Number of protein chains: 2
Amino acid sequence: MLRLYDSPLSGNCYKIRLLLAQLGHQYERLELDLLAGETRTPAFLAKNPHGRLPLLELDSGVCIAESNAILYYLAQGTQYFPDDPVAAAQVLRWMFWEQNTLEPQLAGAISLVKFHGKTNRDEMVQERQERAEKALMLMEVHLSMWPYMVGDRYTIADICLYGYTHIAHQGELSLASYPAIQDWIERIAAQPGYRSMGAD
Amino acid sequence: MLRLYDSPLSGNCYKIRLLLAQLGHQYERLELDLLAGETRTPAFLAKNPHGRLPLLELDSGVCIAESNAILYYLAQGTQYFPDDPVAAAQVLRWMFWEQNTLEPQLAGAISLVKFHGKTNRDEMVQERQERAEKALMLMEVHLSMWPYMVGDRYTIADICLYGYTHIAHQGELSLASYPAIQDWIERIAAQPGYRSMGAD
């Protein structure tokens, strides 16, 4: 059975639980305590030298790190990843963009606010919020033209970007001025098999 | 014919030229002047709203952004991307890791040194160098066990990580304490069809 090393605090981990729920896969869920350093033990570092969650362990014992690589692995051959090579590249385009441009800012702001007691009066939070706003504006323009990130189809590009975008408020970022993103968030929550980030 | 919107200054652009050379593809190369704002014109933003290079334009007029998504698109069905689903996921694992963890630090340090006149006495440069060193150490450990990033085969994971790693010195980072990375850099430069970053 698939084994997911997981944390309820991480938007990157939630991406995987969401896709696994929509695929209807059974899996074993192992929660690690990020704040207590449980991803820094020798046992975990042997599985992922980067010491990060999520991590997917296959029946063979092989481990796959990086949330978006896990999404890619699980979505192959399913409706959540296109067969068409150009559409597939566009899905990955948004997933790389998320890891380079959106996630560092959103996850960074959330981490500072939730775990380090910072507020939006703090310069480090403001810097991340400003960069996140630029990235969100790019998504807003795109989603004002298209229902999903790649054409008219819900894919792992949507799951990937949804992971942190839908909890932007945890980083004291409001989505009030992003109506297309708000509509997209509602469309995702209405997908068959959807599970919320807080679901057990 | 494929059209590559390109810059000689960018390690992300070089990744694409390297793979295109190894695939033996003909393509049209359009150099944009990053420092003169040529990626911020309305004409270019219509092709890539993110205003970044590289950008690959297909015969159909469809544009693919994000260097690693372009690598993925071009490498499908070739020796540079594995058919095996687990190996494919591992290739993408390193490519997502590059965009999230390595590239922001290396490209950031290089940009500060080359284009903003900073040195390693500057705190912003030091911060990026320190984070880059942690990422490089992870690669070093991996490459002391394996000849390439994914098993015994040269793939787009190697091209992706090579893009900025081999020019780390431009960010005043030395690879002297990373012998496995140095050997890997030599193995890559010996690949059939290799072209250097500065090649015309």
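Hi everyone, and thanks for coming. First, some ground rules: this is a predicted model, where local features need pLDDT of at least 70, side-chain atom pairs count only at pLDDT 80 or more, and totals for chains, interfaces and linings use all residues. Residues are numbered from 1 along each chain as its sequence is written, chains are lettered from A in the order in which they are written, and side-chain values use heavy atoms, leaving out hydrogens and water.

Let's start with how the chains are arranged.

Now the interface itself. Here 31 residues of chain B are in contact with 31 residues of chain A, where contact means heavy atoms within 4.5 Å. Together the chains bury about 2600 Å², 68% of it on carbon and sulfur atoms; buried area is the accessible area (1.4 Å probe) that two parts lose on being put together, summed over both. Of the area that chain B buries against chain A, B:R93, B:F96 and B:N100 supply 25%, more than any other three residues.

What kinds of polar pairing cross between the chains? There are 9 residue pairs in polar contact, both residues at pLDDT 80 or more. A polar contact is a pair of N or O atoms within 3.5 Å; within protein, one must be able to donate a hydrogen and the other to accept it, and residues adjacent in sequence count only if both atoms are side-chain atoms. Salt bridges between chain B and chain A number 0, a salt bridge being a side-chain nitrogen of Lys or Arg within 4 Å of a carboxyl oxygen of Asp or Glu.

Let me zoom in on B:N100, in helix α4 of chain B (helices are DSSP runs of H or I, at least four residues, and strands are runs of E, at least two, numbered from the N terminus). B:N100 is buried, at 13% relative accessible area; buried means under 20%, exposed over 50%, and partly exposed in between, with a 1.4 Å probe and protein chains only. A polar atom of the B:N100 side chain sits 3.0 Å from the backbone oxygen of A:Q99.

Over in chain A, where is A:S7? A:S7 lies in the loop between β1 (2-6) and α1 (11-23), and A:S7 is buried at 1% relative accessible area. Its side chain has a polar atom 3.1 Å from the backbone nitrogen of A:L9. A:L53 is 46 residues from A:S7 in sequence, yet their C-alpha atoms are 7.2 Å apart.

Finally, salt bridges: the count over all chains is 18. One of them joins A:E28 and A:R3 at 3.1 Å, N to O. That pair links strand β2 (residues 27-31) with strand β1, 25 residues apart. Both partners are partly exposed, A:E28 at 34% and A:R3 at 28%.

That's my tour, thank you!
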